Amino acid sequence: MPDDKEKFEKKKGTGRTGDVQSPSMENLNESIPGAAFPTAKKDVIAAGVKPLAQPENPYPYYNRELSWVDFDARVLDEAYEAENPVLERCRFLGITGSNLDEFFMVRVAGVQVQVDHKYSKRDVSGLTPEQLYGLLSEKIHDFSEKQYSCLRRSILPTLKHEGIEFIRPGKMNEEQLSFIRSYFDRVLFPVLTPLAIDNSRPFPFLANKSLNICVRLAVGDPADYERKAKDKKKKEKKPQEAFAVVQVPGILQRFLEIPGQAEHTYCLLEDIIICFMDRLFEGSEILSCSPFRLTRNSDLEIDEDAEDLLIEIRESIKKRKRGKPVRLELMSGCDPATAKFLAGQLDVRKEAIYVENGPLDLTLFSKFANIEGEDALRYPKLTPVNPPADFWGYSDIFQAIRDKDRMVHHPYESFDAVVNFVRQAADDPDVLAIKETLYRVSGHSPIIAALIRAAENGKQVTVLVELKARFDEENNINWALKLEQAGCHVIYGLVGLKTHCKITLVVRREEDGIRRYLHMGTGNYNDSTAKLYTDIGMFTCREPFGVDASGLFNFLSGYSRPPIFGKMIVAPHGMRDAFEALIRRETDNAKKGLPSGITAKVNSLVDPEIINLLYDASRAGVKIRLIVRGICCLIPGLAGVSENITVISIVGQLLEHSRIFRFENGGNPRIFMGSADWMPRNLDRRVELVFPILDEDLKERAFAILETMWSDNVNARQMMSNKEYVHIEHRGRPAVNSQQEFIRIAREKFERQKAAESASPAHPKETPRSADEDEI
Amino acid sequence: MKANRYPKVAALIDIGSSETRMQIAQVRKGKMDRIEALSYPVALGRDVYSTGCVSQATVRELIKALEGFLNVIREYAVKDVTAVTTNALRRAKNRAFVLDQIKIRTGLDVVVLEDNEEKSLIYYEMIRTLRESSALPKDTTLFSFVGAGSVGIAFYNGQTMYDSMTVPTGALQLGEMFRSIQQTTDDFGHVIADYIHSMLTYDNLEVDCRNIRNVVFTGSMISVIAAMTDCPFTGGMYRIPVEKMRALYDEIRAQRPESIAIRYKLGTRTAEMLYLSLALYLSLVSFTQADLVLSPRSDMSDCLIRSVLFPAELESYKDYLHDIILSCAATTADFYHCNKGHSEYIRNISLKMFDRLASQHSFSHRDRAVLELACVLHECGHAVSARHHLQSGYEVIRHTDLIGATKSDMLLAATIARYNELEEPDMSDREFTSLPEDIRTKAAKLTAIFRAANALDNTHTEKLSDITVRMREDTMEISGRTNANMYLESYAFEQCAAYFLDVFGTGIRLRVKSAIK
C-alpha cells in the first residue's frame, strides 16, 4: 500500500495535464508588450491553449474538455488519499466512474459527432475536433489506467487490511463455490437471457452503461467436427464459432457477500455468471467469456417547437437509449477474437476502446461505499444543524423573514428550513400563491408533497419544472404529471432556455397588504442532494426582490416580457452585461488606485469573454481569487496576463456547489450568490438568477464563508500556470478543511443558542419539523 | 378571517396598440403600492393601422395574454378588475366581435376608452406627478403624449388645461404609413419631418406655442430616449435637454430602423418607434422656446387603478375632469365668440335647478358637467349661421373634440343646447330620436332645465339677481330680484313650463321680487 501511494504521489507532480503541457509555457513571449503568450504553436495546440495566430482571442485559454478530465483526476486524488476512510475512497472512485460515464455520454459524444461530420473549425482553445478527440482519448486512457491502479494497488489492499475482500471463483473454497452456485441457481439463472448472434439473429441492442458478457462458442459437437475433418482431410483446425451476449442484470446488486475467512467477503455478479456460464449454453463449448460495457451518446436532441414539449422529451429519451456507442470498455486479457467481433459489431473506433484491469464499471464502488455496518470506514455522519441559526427561536418562518433576511448554509444547516418554508406556506390560510422552480428533485420530495398539499388547500400553485434537466428528464416528467393532477399550474419554461434558477415565491395576504416572501438559492430544491452538496440559500421579503421575483415568474410563465430587474441579475437578460460591468468596474478602480479585487466561487469557469475580462483586470492590477471546483479554462499565474489571478479548487467530502461573487467595488464590497457559473450556457442559454446580499449581517457572514473557503489548505488544490493542480502547502499554518470548519461553525452556533435558550426559559421554544415528516 | 381585514387590491388591464399590460396594486400605508406589472406584446395596432381590422391570429394572441394575466389576478385573489382599451381597438372595424370574443373566452368586459378620456387620464397623471415633485410649471406649458396611434397636445396655464388637440396619427401608425417610403428613399428622415410638420401646423399650433418655455412630454419611447441620452430618472421624472434629443436624432435620422436596432441593441420595432417618436417630439419642441423636456411617469393605468383603490382620488379626478372640460369649453366658446356673461349666468341658474332635482332623478356628476357644457357652448352656432344657429350649434358642439369629454357627453350637450324656448324636443326631431333610448329621457330632463334657465336671460342682460330655487310641493319655484322689465323673460319662461312639467311631473314657477311696486 505505501508503495502504491508513494508512486502515486510521485506521479501527482507530473500528471497527465503536465504531459501535454508545453514546457515553453513557463517562458512567455516578451516581444508583445503587455501580454505574454505561448511560443511554440505545436506545444500550444498540444496544451489545448489557443495559439497566437487567432486574432479573435489574444489570450490563452485552456480547453474545457481537457480541464474536465483534470477535475476528475482531482476526485481520483481523493480516492488515493490514504487519510480518507477507505469506504469514502471507494465512493470517490465510484464518482470518478460515474463522472466519466456522463462525460462520455455528452461531451466526448459531442466531439465525436463533430469528428464524424468532418467539422474542422478550431474551438476557442485552438483545437480542431480531431485534435481534441486525440488528446482526450490519450488523456482518458491514462486516467482510466490510474483509476484501476488506485483500485488494485491502493484501495483493495486497504480494504483487505480492514477485513473486506473481493474474491473470484477461481480462488474460492468449496463452501464458497457452493454458496455462489446456489445463488446462481436461485437468483441469477431465472433472470439471465443469453442472446445468440447468428445470421438470423443480429447483434442485440444493448442498453447504455449496461454490463454484458460476450461469450464465444464452438458450434456443434467437437468430436463430430474432428471426425468430419479427418474424413475430408481438410485443413480446418478450428470448429465453427458463434457469439452470444449475456447481460449482467442491472436490477441485482453487483456485489454479493459470501461466506469467507475475512470479516466480509464479496464476489462480483459477473464472475458468478461466468463461473456457471456453461449452464446457459448446454451442448456448446464455451471458448471464452469476456465482460464488456458500452457507453452511448446520450445528448438529447429536442425539437422545442414541438406542440407538446413533454411528449417530445419522452420521445427523445427513447432515442437517447439508442445513441451511437462512444466507448467500449473491455477487460485486459479479453479474448482477441471477441474484442475484434465487438468492435466490428458496435462500430467503435479504435480510440474509443478502453481496455481496463477490471472490474468494469467502477460506479459499483459508490454503492459499495454504503455497505452496512462499516461506519468506522466512512466519514462520521454529518447531521445538519436544525433549526439553522437564523431561524432559532421562531415557530413562524414568515415572522422570522419579516424581522430580517435569513441565510442558510447547507448541508451544515438543515435543508428542512427550506422545506418548512414551502410547507408552512401550504398550510397558512393567508398564503394566496406559491411559485417555485424545480430543476432536479429527489425521489420522495417533501417539497413536492407540500406543493401538492398547497394546491389541495386552494392555493394558486405554479411550478416551473425544467424537463430538460439532463438525465433527470424522466423523473421530472413524472413529477410534472403528479403536480398537474393535484391541480398545480405546471409550466415547462421557455423555448431554447433551460430554467436553472432556484427560487420560491410565496404571496401572502397580511393586514398591511400583500407581502411576498422569497427563497433564492445556489442549489436545487432537492432534499437528498442538499445533504451532500454545499449550497447557500437566502430568505427575504424585501419588496424590490418581490417585484423582481414576480417579474421573473411572469416571464417564465410566458405571461409577460422580461422586466427590468431592480435587484436581481437574471440570465439571459443582462447577466452577462452585469458581470462584465462588475469586472470592468474593478479594472477601472484598480487603474484609479481605488481598492479593487474579485473573489468568485463557481463550479466552472469557461466563458471566454469573462475570462478575457479577468485577464484584463489582472493586468490592471486587480487581485483575483477564484475558487473553481471543476473546469477552469483560465490559466492563472502567467506573467503579463494573469499573475494577479490565483485559482484553487476544493474537492472534498461534500460537493462544492455554491456560486458566490465578491467585488471590492472601490472599498464598498458587494457580494452576490446564485445559480450561475461563468459558462456561456449559464450566461446565454439558461434562465439563471444571481442575487445580491443586502443585509449587513448576512453580507458579513457571506464574506466570512468565502474567506474560510479561500483559507482551505486540506481539500484545496491550487492551479498552476502549467495547469497542474497541486496541494496547498501548509507552511507552518494550521490545516484548514473548510468543510469541517463550516460543520464546526454551525454546531457551535447551535450550541450557543441552545445554551442561551436554557438560560432564558421565557424564550419561545422552536420545535423544528423534519423534512421526512410527510412524503407523497 | 374577514376579507375586509386586508387592504384593497385592484387590477387594471390596458389593451394598447403594441402591447397589452396589466398592473396589480394595493393600498399600503395610505399610498398606492404596485405589486405586479406585466406587459405582453400584441400587435393590435399593426393590424388595425394596415388593414382596419384585428386579425384572428392577433385576437388569439390577445386572449392568450389576457388568460395569463387572469392567472396572475387569481394568484392575488383580486376582485376589482378593470380592463380598458384605447386607440387600436377603438379604430378596429371588427371591434365589437373582438370584444365579444374576449368576453366569451375570458369573462372580461373591456371598456373602450375614447381618445379624449385617454388623454385626460394621461394629462391628469402628468400633472399629479409633477405636482408631487414640485415641478409643475406655474406658467404656460405644452403637454404632449406621443402614443402608438395618436399624438395628444394640450396647453396648461398654471391652473388647468385650457386647450387641447389630438392628432390621429401616432408613432406606430406613422411607421405603417411610411414603411413603403422607406424602401424608396434614403432621406426618410426628411420625409418624416415634413409630414409631421404639416400635420402639426394644421391647427395653428405654431402660433399657440410661440412663447412657451415649458414642455412636458410622455410616451413609451421616452425612457429609451432618456437612456440613450444618459438622462437618469430622478425626482420622479426624466429631465432631457432638447440639445441632447436633437443630437440623438441627428445621429439616427439618416439610418434605417434595422441599422438603429443593430447599433443600439434594440428590437427593430422599438428602433422604428424610437425614430418616429423622436421626430414627433422634436417637431413639437421646435415650435416652442423650451430647452428642457420634462417627462414624469404618466401611466393612464395608474390613474384608473388609483381611482379604484382610493375613493378620494376618484373625486379628485372628477374635479380635474370638470375643470378641464369647462376650461377647454370656454376656450372653444371664445373661438366662436359666444357671450361669456350670458353663458355663465344661465349656467348658474341651471346648476341651481339641477342640484334641486339631482337626488330625486339620480343625476350624476357627469350629467351636471354636461349641462354646464351645454350652457357654455350653446351659442357656438351663431358664428356659423344666425338663421340656423340652433342647428349649427348642435353640429359644432357634437363634433368638437374636448379633452375629458366623451362623444356621448358631447352629443348630449349638443342635444341640450339644440333647443330654446321656441323649440322643444319631441319624437319628430331627428337629433332627439337618434339618441340612444337610455339617454333620451335624461336628455329631455337636462334640456328642460337648460331651456328654463336660458329663458330667464332671453335678452342677454342678466336682469334677475339673487336667484334662488326652491321646491314648493309639486312645483319648482325660481325667485329673483330685479327692477327691470321682465316681460320677455317671463314669456319665454312660460313657454318652457309645460315641457318642464311633462318631463319632470313637476311644475315650474317664476317669482320676481321688485322694489318698484
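User: At what angle do the axes of helix α21 and helix α22 of chain A cross, and within what distance do they come?

Analyst: This is a predicted model, in which local features need pLDDT of at least 70, side-chain atom pairs count only at pLDDT 80 or more, and totals for chains, interfaces and linings use all residues. Residues are numbered from 1 along each chain as its sequence is written, chains are lettered from A and ligands numbered from 1 in the order of writing, and side-chain values use heavy atoms, without hydrogens and water. The axes of α21 (residues 696-710) and α22 (residues 738-759) of chain A cross at roughly 145 degrees and come within 9 Å. Axes are lines fitted to C-alpha atoms, for helices over the stretch in contact, and angles run from 0 to 180 degrees between N-to-C directions. Helices (H or I, at least four residues) and strands (E, at least two) are DSSP runs numbered from the N terminus.

User: Why is the pair α4(A) and α6(A) given an orientation name?

Analyst: The axes of α4 (residues 64-80) and α6 (residues 129-161) of chain A cross at roughly 5 degrees and come within 10 Å. Angles under 35 degrees count as roughly parallel, over 145 as roughly antiparallel, 65 to 115 as roughly perpendicular and the rest as oblique. Therefore α4(A) is roughly parallel to α6(A). Their contact has 13 nonpolar, three polar and five charged residues, where Ala, Val, Leu, Ile, Met, Phe, Trp, Tyr, Cys and Pro are nonpolar, Asp, Glu, Lys and Arg are charged, and the others, Gly among them, are polar.

User: What makes the orientation of α16(B) and α20(B) oblique?

Analyst: Helix α16 (residues 365-377) and helix α20 (residues 437-455) of chain B cross at roughly 50 degrees, with axes within 11 Å. The two are therefore oblique to each other. Their contact residues comprise six nonpolar, no polar and two charged.

User: How do you know that Lys435(A) and Glu75(B) form a salt bridge?

Analyst: The closest N and O atoms of this pair are 2.6 Å apart. A salt bridge needs a side-chain nitrogen of Lys or Arg within 4 Å of a carboxyl oxygen of Asp or Glu, so the pair qualifies. There are three salt bridges between chain B and chain A. Within chain A, Arg402(A) and Glu510(A) form another at 3.1 Å, N to O, and these residues, in helix α13 and strand β15 (residues 503-510), lie 108 residues apart.

User: What is the area buried between chain B and chain A?

Analyst: About 2,200 Å² is buried, with carbon and sulfur atoms giving 47%. Buried area is the accessible area (1.4 Å probe) that two parts lose on being put together, summed over both. Tyr6(B), Arg28(B) and Glu75(B) supply 30% of what chain B buries against chain A, more than any other three residues.

User: What is the omega value of the peptide bond between Asn386(A) and Pro387(A)?

Analyst: Omega is near 5 degrees there, and the bond is cis. Pro387(A) sits in the loop between α12 (364-368) and α13 (397-403) of chain A. Most peptide bonds are trans.
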